[in-house]
Amino acid sequence: MLMATLQVKDVPDDLHRELRRRAELDGLSIRDYLLRLIRHDQQRPPATEWLARLRRLEPLDLGAPAADFVHADRAARDPVPLPEQRQS
């Protein structure tokens, strides 16, 4: 199988160090780490396609504003309300 070669020039030193660090944490070479990142990225649709699909979906009627569900879930997990949630 013929494989293409990619070359990335002018990578900032701090970015290269972080890529190397993350690759080492996972026991990978930078090459293998970057290939994994690229494969992961390619499994997701591009943002424009994802947004187009989202716009075609029928809206859901949750029976209440979605924010109410978020607040209820947060209240169940954290009994101390955030400042903007506190009642005066």
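**Salt bridges and exposure**

Reader: Is Arg-36 buried, partly exposed or exposed?
Author: Arg-36 is partly exposed, at 39% relative accessibility. That label covers what lies between buried (under 20% relative accessible area) and exposed (over 50%), with a 1.4 Å probe and protein chains only. The model is predicted: local features need pLDDT of at least 70, side-chain atom pairs pLDDT 80 or more, while totals for chains, interfaces and linings use all residues. Numbering runs from 1 along each chain, and side-chain values use heavy atoms, without hydrogens or water.

Reader: What does Arg-36 form a salt bridge with?
Author: Asp-26, with the closest N and O atoms 2.3 Å apart. A salt bridge here puts a Lys or Arg side-chain nitrogen within 4 Å of an Asp or Glu carboxyl oxygen.

Reader: How many salt bridges does the structure hold?
Author: Six. One of them joins Glu-18 and Arg-22 at 2.7 Å, N to O.

Reader: How far apart are those two in helix 1?
Author: Four residues, about one helical turn, within residues 13-25. Glu-18 is partly exposed at 27%, and Arg-22 is too, at 41%.

Reader: Which residues are linked in a network?
Author: Glu-18, Arg-21 and Arg-22, by salt bridges.

Reader: What about Arg-31?
Author: Arg-31 bridges to Asp-32 at 2.4 Å between the closest N and O atoms. Arg-31 is exposed at 54%, whereas Asp-32 is partly exposed at 32%.
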